[in-house]
Amino acid sequence: MEIPAEQPRFFQVEPLEGESLSHFLGRFRRENYLTATQLGKLTGIGAVISRWEKFYLNPFPTPQELEALAAVVEVKVDRLIEMLPPRGVTMKPRPIRLCSACYQESPCHRVEWQFKDVMVCDCLRHCPLNNRHQLALLTKCTNCETPFPIPADWVQGECPHCFLPFTKMARRQKRY
């Protein structure tokens, strides 16, 4: 009689309100000491994990891919879908955008910051204080002008070049 291989157990990572799939996947991988390649193998969906972290969502994730991911990260498929753009909304994968004021309130990358038509943060929906910052989204560090890396790589919430915290960049964000 063959003993079934036990599914590895991972540290659970709770998704944050409004968080992008890229940011969530990076947090999950770091918490569990995984690379994108390893997570792709564990889910059985391969290199698509790395593509999603870079906001390359064409083709859009299938229900089967999301179910495979959900089984490993222990997050419901409906919650994973919330981390993706709504059907029909075009993403702009580069440059990576950030609202420092929102990041101060909840340190995560928001999926709507990468929507093609969004250039200003209208954060009423996800800010706990129901503020509307109405700030132009940043595309690079306000100190050294280094473009932001993909959110999956945001380890400390700071510029990878000069180490200025994202939370300190709001002072130089332009108001609309």
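**View 1. L57 and the residues that L57 touches.** Leaving out residues up to four places away in sequence, L57 touches W52, L84, P85 and M91. The model shown here, and in every view below, is predicted. L57 sits in a loop. That loop joins helix 3 (48-53) to helix 4 (63-73). Is L57 buried or exposed? L57 has a relative accessible area of 11%, so L57 counts as buried. The cut-off for buried is under 20%. Look also for T90. L57 and T90 are 33 residues apart along the chain. Their C-alpha atoms are separated by 9.4 Å.

**View 2. The two sides of helix 2.** Helix 2 covers residues 36-43. Which of its residues are buried? They are A36, L39, G40 and T43. These residues cover an arc of only 105 degrees around the axis, which means that they lie on the same side of helix 2. Now turn to the other side of helix 2. There, T37 and K41 are exposed. What do the buried residues pack against? Their partners are helix 1 (21-31), helix 3 and helix 4. G44 follows helix 2. The phi of G44 is positive, near 80 degrees.

**View 3. C121 in strand 1.** Strand 1 is made of residues 120-121, and C121 is part of strand 1. The relative accessibility of C121 is 2%, so C121 counts as buried. Which residues does C121 touch, not counting residues up to four places away in sequence? Two of them are cysteines, C99 and C102. Take the pair C121 and C99. In sequence, C121 and C99 are 22 residues apart. In space, C121 and C99 are 6.5 Å apart, C-alpha to C-alpha.

**View 4. T142 after strand 2.** Strand 2 spans 135-136, and T142 belongs to the segment after strand 2. T142 has a relative accessible area of 18%. Buried means under 20%, so T142 counts as buried. What does T142 contact, leaving aside neighbours within four places in sequence? The contacts of T142 are L164, M169 and R172.

**View 5. The whole protein, for orientation.** How many helices and strands are there? The protein has six helices and two strands. From the N terminus on, the order is α-α-α-α-α-α-β-β. The C-alpha atoms fill a box of roughly 65 × 35 × 30 Å along the principal axes. The radius of gyration is 17 Å. A compact globule of 176 residues would have a value near 16 Å, so the protein agrees with that rule. Of the 176 residues, 46% count as buried.

**View 6. The surface and the charges.** The protein exposes about 10,000 Å². Carbon and sulfur atoms supply 52% of that area. How many side chains are positive, and how many negative? There are 23 positive and 19 negative side chains. The centres of the two sets lie 9 Å apart.

Definitions and conventions
Residues are numbered from 1 along each chain as its sequence is written. This is a predicted model: local features need pLDDT of at least 70, side-chain atom pairs count only at pLDDT 80 or more; totals for chains, interfaces and linings use all residues. Side-chain values use heavy atoms; hydrogens and water are left out. Helices (H or I, at least four residues) and strands (E, at least two) are DSSP runs, numbered from the N terminus. Buried means under 20% relative accessible area, exposed over 50%, partly exposed in between (1.4 Å probe, protein chains only). Contact means heavy atoms within 4.5 Å. The radius of gyration is taken over C-alpha atoms; the globule rule is 2.2 Å times the number of residues to the power 0.38. Accessible areas come from the Shrake-Rupley method with a 1.4 Å probe; for residues, only the protein chains shown count as cover. Lys and Arg count as positive and Asp and Glu as negative; His and the chain ends are not counted. The place of a charge is taken as NZ of Lys, CZ of Arg, CG of Asp or CD of Glu. The arc is that of the directions from the helix axis to the C-beta atoms.
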